[in-house]
Amino acid sequence: MKKKLSFKQRLHNAIGSQTVEEYKARHAYLHGVGYSREEWDYMWLKSKNTTWAHQFGRMVGYDEVYLNSVGHMDNMCCHAYGETIRHFPQYMGHDIRSSGSSGLHVLASDVIEVAEDGKSARASYLTPGTLTGPVGFDNVHRSGVWLWERYGSEFAYVDGKWQWFHEQVCPDLAGDYDTGNWAHNRYLDFIENDCTVGELGGRPAQLTEPGLFHRDYTIVQTVQDTVPAPDPYTTLKDVPDDKSYSPGRWDPTDHVLVEVKEKAVANFDAQMADNPFGKIREGDE
Amino acid sequence: MKKEFTDEEKVLRLWDVEEVRKVLNRHSYYFSNEQREEELDALWVKEPENQKTAAFGVNTGYYVGMEEIRKFYVDYRRKQRMEVLEKYHEAKGTPLDDEHLGLGCAAMHTATTPLVYIAEDGKTAQFQGYQAGFQSMGKPDGTADSFMELGLIHCDLIREKDGWKIWHLELERDHTFPVGENYAAKEADPSWPDPLSADFGEPTDKRTVYDPFFGWEYMFQDMPRPYETMTDERSYGPEGNLGKPYYIRDPR
């Protein structure tokens, strides 16, 4: 039964809800410019139960998330900048991480629920992302890509502050705009070119829980419900695993941890057995 | 030191954030619908001191003061739209009057992904958003020039007697591309002109406020954040830092 909250509890939860909107927007812009440190240092909870998941699986623990999302990302940004200034010396003197960026995972259709106990918040978003840039990855052309994704996000109220706890990113479809049939072209890429389901998210440097957590669109899949919009709830512990964005990792204080059977530092392998297009390309079917 | 707010103040500040978002959403509606005069009258500053320092920014500079803003945002746009109508007039005899102004034209300018902070003193607010939109200009032969438009929105708002008002609005155009063409196949050319650069007009304070070739380089520095009170440095108006390189912002 829904508990009747006091005025102070309702105010606390309203601030929590608006903080979720603030954090999601700050993240969207900082991620757009490759300023990873500036979001993970300020907004994220430093817990062993902190997780960040994508198509390729789940990073577990703040340290692993930081390694991938800051160290690995910064490394890639520096390499990309080094290549870009060979082609466009105009970029010399400009910021290594952010110059030339203008892509955004535009935020839309948010559903935010703050727990009755006021200690956590859950949110789902959809994004019609516009990944544009004056200089593309090939350093020859501009970049212009739609990237449609959905997000499930969880936040914890710890030490008097709302902090980002879990994120699950689910890419659904990408393609160059404004041309062609994105869905069909992607199918052709799967069967004719070097493209595999599960590769929309790049490659992390390290991963505790590898797996195909969400498939990008193919013409042979059924509807996926990977990050269902949150329902009103009492406390994060009570959210069922099939609704959670990080099953079992409800404790932000690290007293209750999920046992990791193999101390995995595995790299994601998109050529896994349940990948419908890997086999076709290999000529097994 | 961070200010402590009472519960009542906290409630009012939550509401202020919602009101600020609403102002920018109303701007999007008026802007999309070409109801520009109505927008200036309804949403922009009214108090004389604020009207003097009001600013409308585009990539190539600022229009400063409500008189200059009105000349650009309303009168100049009317001239642009009349040029479209003249083609219909020449081909089909369509009357050159207000009733037919805007014939064949359509636009949508959204204000997505809002990030809002209210100053600790409660007198001003800062907004950042992202515009994903389009413009389409019809022609008498039945064709149309249609473009996708993408860009950042920065806005300072100030609290007047009847609520939050737009004080400084800067629209930073990132990408304009003709629909039906593969944008990712176009050359990465630093001098590539914005196909709708005529929309920028001739700002009264000409300078590079935003260079899309370098994109969101100063996002971290420019994005809104918690702040005590408005300063020239923080402002999105002509006194502020938008478009300035780091060695001008912070000389050694």
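The model is predicted: local features require pLDDT of at least 70, side-chain atom pairs count only at pLDDT 80 or more, and totals for chains, interfaces and linings use all residues. Residues are numbered from 1 along each chain as its sequence is written, and chains are lettered from A, ligands numbered from 1, in the order in which they are written. The predictor assigns the complex an ipTM of 0.96 and a pTM of 0.94.

Chain B contains 6 helices and 8 strands. These are DSSP runs, numbered from the N terminus: helices are H or I with at least four residues, strands E with at least two. Their order from the N terminus is α-α-α-β-β-α-β-β-β-β-β-β-α-α. The radius of gyration, taken over C-alpha atoms, is 19 Å for chain B, close to the 18 Å that the globule rule (2.2 Å times the number of residues to the power 0.38) gives for 252 residues, so chain B is as compact as a globular protein of that length. Its C-alpha atoms fill a box of roughly 65 × 40 × 30 Å along the principal axes.

Contacts require C-beta atoms, placed from the backbone, within 7 Å. By this criterion, 36 residues of chain B are in contact with 45 residues of chain A. H1(B) gives the most to this side of chain B, with 5 residues.

Technical notes
Two residues are in contact if their C-beta atoms, placed from the backbone, lie within 7 Å.
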